[in-house]
Amino acid sequence: MGNFLCIHGHFYQPPRENPWLESIEIQDSAYPYHDWNERITAECYSPNTASRNLDRDGRIMGIVSNYARISFNFGPTLLSWMEKYSVDTYRAILAADRQSIAWRSGHGAALAQVYNHIIMPLATLRDKRSQVRWGIRDFEYRFQRFPEGMWLAETAVDIETLEVLAEEGIKFTILAPRQAARVRKTGSNRWNDVSGSRIDPSRAYICPLPSGRDITLFFYDGPISQAVAFENLLGSGEKFAARLASGFSDNRAHSQLVNIATDGETYGHHHHFGEMALGHALDHIEGNGLARLTNYGEYLELNPAVHEVNIIENSSWSCIHGIERWRNNCGCNSGGNGGWSQEWRNPLRGALDWLSTELAENFEAGTSGYLRDPWTARDEYIEVLLDRSVENVAAFLFRHSLRPLDEDDGVAVLRLLEMQRHAMLMYTSCGWFFDELSGLETVQIIQYAGRAIQLAEKSGSKGIESAFLQRLALAPSNIPEYLNGAEIYARFVKPAMIDLIKVGAHYAVSSVFEEYGEETGIFSYRVYSEDFQLYHSGQMKLAVGRIFIRSSITRKSDRISFCTLYFGGHALNCGVRSFQGEEIYTAVKKEMVNAFNDSDFASIIRLMDSHFGMHNYSLKNLFRDEQRHILQFVIAGTLQEFEEKFTSLYENSRGLMWFLRETGMPVPHRFMNTAETALNLQLQKMFSAEFIDVVKLTELISEIRGWSVVVDKVALEFIVRKRLESAMSELLCNPDNRVLSDELILLLEAIAELPIEVNLWQAQNVFWEILQSSAADSQLDLKKRTYSSAARIESLKKLGQLLYFNIEVAMTVKGTA
């Protein structure tokens with residue numbers, strides 16, 4: 001007998017990738033980060049890899065990963081992003097699972113998840129199987145083991161879903177207490193009604209299935225989970241620990257499991273510093289012997305289920321009406337737009353269901369002459385998503401094809417498989433979760449539908465888009481200007497669609513601003529330069545070239561010729577078309593170059609209209625990230641002029657304005673606006689310079705305070721933090737560099753004077769790593785050191801104090817002092 005505690009975090013973000021570029025474009029609402037995945041990683045996913053153990057004064061005594069001590073699942077599409085864009089966090093999550101295996105009797109903390117978070121009871125059996133198989137294979141690829149458990153999107157469940165899980169070898173899943181219908185002890189004929197969240201969540205249950213299989217179910221503690229998510233329980237680690245401990249009861253005679261489940265983003269994103277409250281609660285419970293920390297797999301091995309349960313089908317954790325939130329106007333919404341309705345949900349579901357059926361028929365017909373079993377190929381297409389190398393794609397096609405496929409055949413098959421991938425992505429649950437049809441998450445799934453339609457029509461299917469839009473038009477928007485789903489499709493989906501010509505246009509436009517090599521990547525495309533000439537005349541530029549483009553996804557390719565005329569500033573004309581042959585290309589190129597050399601720019605425009613027709617492009621047609629990059633370059637000179645004028649106006653006027661203040665006369669607001677701009681610029685430039693003049697910084701801060709200037713905290717914090725993190729990383733590589741160590745101390749002392757709070761999380765992590773390194777190398781080789789052991793220790797202590805460590809405890813724990 002004993003008390004066990006398992007905290008589960010469901011870490012997930014909806015797929016945000018542009019369906020045509022396979023990458024997330026810049027999202028201004030996530031500023032100062034590039035996108036919301038990056039921002040939430042900084043606020044939650046990364047902090048949970050290194051949670052702080054604080055003393056009573058808030059100073060750090062140690063750093064430990066939360067993930068290894070809890071149960072967790074990450075959405076496969078989120079991990080796919082993280083693998084590319086947040087490598088350290090990704091590796092730390094995988095390492096935490098390995099650590100948990102060592103700690104938890106061979107059972108890992110990580111669970112799998114249905115691939116792209118679709119509501120399983122609303123999916124076809126075929127889609128259910130693909131979602132589970134893709135989720136399992138993605139998990140195996142990343143965690144290098146088979147998953148014991150699998151998280152269901154929104155815990156939405158029906159018997160068919162449980163059958164698929166059991167069929168694929170999944171041992172257990174986690175449900176909400178209100179999803180249990182009745183229970184009985186194994187071998188008993190007497191069922192007890194536990195509907196209405198009355199199930200005892202402190203044990204595991206077997207769910208017998210019609211096929212003769214069974215699956216284990218855990219039901220999380222509803223009240224405690226609710227308190228964590230919505231009742232500010234994470235304001236105190238000790239308060240959190242006490243509430244968790246209250247889940248145990250002296251009236252139970254079995255080994256009790258208190259298990260809770262919430263969105264993982266609760267710990268750091270939804271609740272600032274929630275990861276520290278979690279870490280402290282775990283330390284408190286384990287340190288005081290209140291319970292044994294465990295995960296579901298270990299608990300199940302130690303305490304096999306001896307009770308059976310029947311579920312309430314078509315139920316979930318986030319809709320009290322079952323699963324209606326994802327197909328009807330049931331009343332569940334975010335609560336922020338009281339006058340809106342969600343009447344759009346049912347027509348949207350109907351339109352996508354119709355489209356899915358059409359695409360399935362087209363898939364079977366389109367692959368009939370190519371693949372042995374198209375649906376088996378789709379189930380195994382996850383192997384291509386995990387490795388899109390030429391060799392792996394070729395091996396996949398070879399395994400599944402009826403005969404050897406030439407290049408065009410391979411493109412046709414990959415196009416149809418991608419169509420099916422997007423046919424599943426368009427069912428991502430977040431598309432129905434929120435309040436409005438034109439919301440980001442809903443537009444995203446409609447874009448997936450648009451991509452699937454485009455692929456279907458390129459594969460020979462006709463009329464699908466118009467029939468789909470007729471159905472989508474039945475979905476009403478709450479915003480009058482957007483009317484309905486068809487109008488939203490026209491505004492947000494059609495303009496986003498790209499093809500190889502548009503990729504070529506992006507290359508052609510950007511080629512007058514940056515130098516490309518012989519081969520370059522543009523998101524999910526590879527571009528090979530076959531001929532390129534750039535001519536200059538003052539600020540005017542003419543680029544003429546020929547490129548070969550291949551999609552890394554479908555392998556579709558095209559050879560494209562282009563001409564770009566840049567007038568300076570943001571004025572630019574570009575023509576692009578498929579390559580018409582060497583003779584035509586050479587003639588066009590000659591005409592363009594001759595006209596440019598004669599400064600006959602009007603003729604160039606006429607020639608571009610003649611040769612490229614309607615395929616004319618400008619800076620507006622660039623993909624968003626590159627557009628921002630180039631526009632920053634274009635406006636750099638103008639911004640420099642503004643900065644110099646603001647600074648000059650401030651410097652020339654501040655004496656007079658200070659005198660006005662001393663006499664009691666109000667300072668004109670135009671001067672105050674100028675002062676705010678000038679002083680913020682100076683402050684930001686000071687931390688962007690190679691060396692920071694601490695004396696001047698002190699004077700500048702005093703001046704800012706004197707004028708009561710509002711500091712741009714977001715921009716300054718980001719600049720300062722990146723500067724500090726870069727310096728700390730350099731120290732990690734050169735821990736014996738006395739000069740660097742001293743500069744860091746000065747930098748931290750300067751930061752302490754700023755009227756902002758700088759996020760020191762990453763800098764603290766690096767310092768902790770330096771401490772660990774010092775502990776491992778406690779026998780300092782003075783012959784190889786640039787300064788003495790004692791001086792190094794004192795420098796570490798000073799750095800640690802400035803980074804808010806309880807340095808004596810931290811160094812003792814790691815054996816460095």
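Student: Why is the pairing of R145 with D97 called a salt bridge?

Tutor: The model is a predicted one. In it, the closest N and O atoms of R145 and D97 are 2.8 Å apart. The limit is 4 Å between a side-chain nitrogen of Lys or Arg and a carboxyl oxygen of Asp or Glu, so the pair qualifies. R145 sits in the loop between α4 (125–143) and β6 (150–151), while D97 belongs to helix α3 (residues 87–103), 48 residues apart. Both R145 and D97 are buried.

Student: What makes E163 and R213 a salt bridge?

Tutor: Their N to O distance is 3.9 Å, and the cut-off is 4 Å, so this pair also meets the definition. Helix α5 (residues 159–167) holds E163, and the loop between β10 (205–208) and β11 (214–219) holds R213, so the bridge ties together parts that are 50 residues apart in sequence.

Student: Is E163 buried or exposed, and how do you know?

Tutor: The relative accessible area of E163 is 14%, and because buried means under 20%, E163 is buried.

Student: Why is R213 called partly exposed?

Tutor: R213 has 36% relative accessibility, which lies between the limits of 20% and 50%, so R213 counts as partly exposed.

Student: Which parts of the chain does the salt bridge of K797 and E808 tie together?

Tutor: The closest N and O atoms of K797 and E808 are 3.6 Å apart. K797 lies in helix α28 and E808 in helix α29 (residues 807–813), so the pair joins parts that are eleven residues apart in sequence. At a relative accessible area of 17%, K797 falls under 20% and is therefore buried. E808, with 43%, falls between 20% and 50% and is therefore partly exposed.

Student: How many salt bridges does the structure hold?

Tutor: There are 46. A network of salt bridges links R129, R133, E167, E168 and D379.

Student: What is F240 in contact with, beyond its neighbours within four places in sequence?

Tutor: F240 touches I7, V228, L233, L234, I260, Y267, A277, L278 and A281. The largest nonpolar core has 166 residues, and F240 is one of those that touch the most other members, together with I7, F72, F74 and F468. Another core, of 55 residues, lies apart from it and includes F671, L679, V720 and L724.

Student: How do the residues lining the second largest pocket divide?

Tutor: The lining comprises 21 nonpolar, 13 polar and nine charged residues. Helix α8 gives the most, with five residues.

How values were computed
Residues are numbered from 1 along each chain as its sequence is written. This is a predicted model: local features need pLDDT of at least 70, side-chain atom pairs count only at pLDDT 80 or more; totals for chains, interfaces and linings use all residues. Side-chain values use heavy atoms; hydrogens and water are left out. Helices (H or I, at least four residues) and strands (E, at least two) are DSSP runs, numbered from the N terminus. Ala, Val, Leu, Ile, Met, Phe, Trp, Tyr, Cys and Pro count as nonpolar, Asp, Glu, Lys and Arg as charged, and the others, Gly among them, as polar. A nonpolar core is a set of buried Ala, Val, Leu, Ile, Met, Phe, Trp, Tyr and Cys residues joined through side-chain atoms within 4.5 Å. Buried means under 20% relative accessible area, exposed over 50%, partly exposed in between (1.4 Å probe, protein chains only). Contact means heavy atoms within 4.5 Å.
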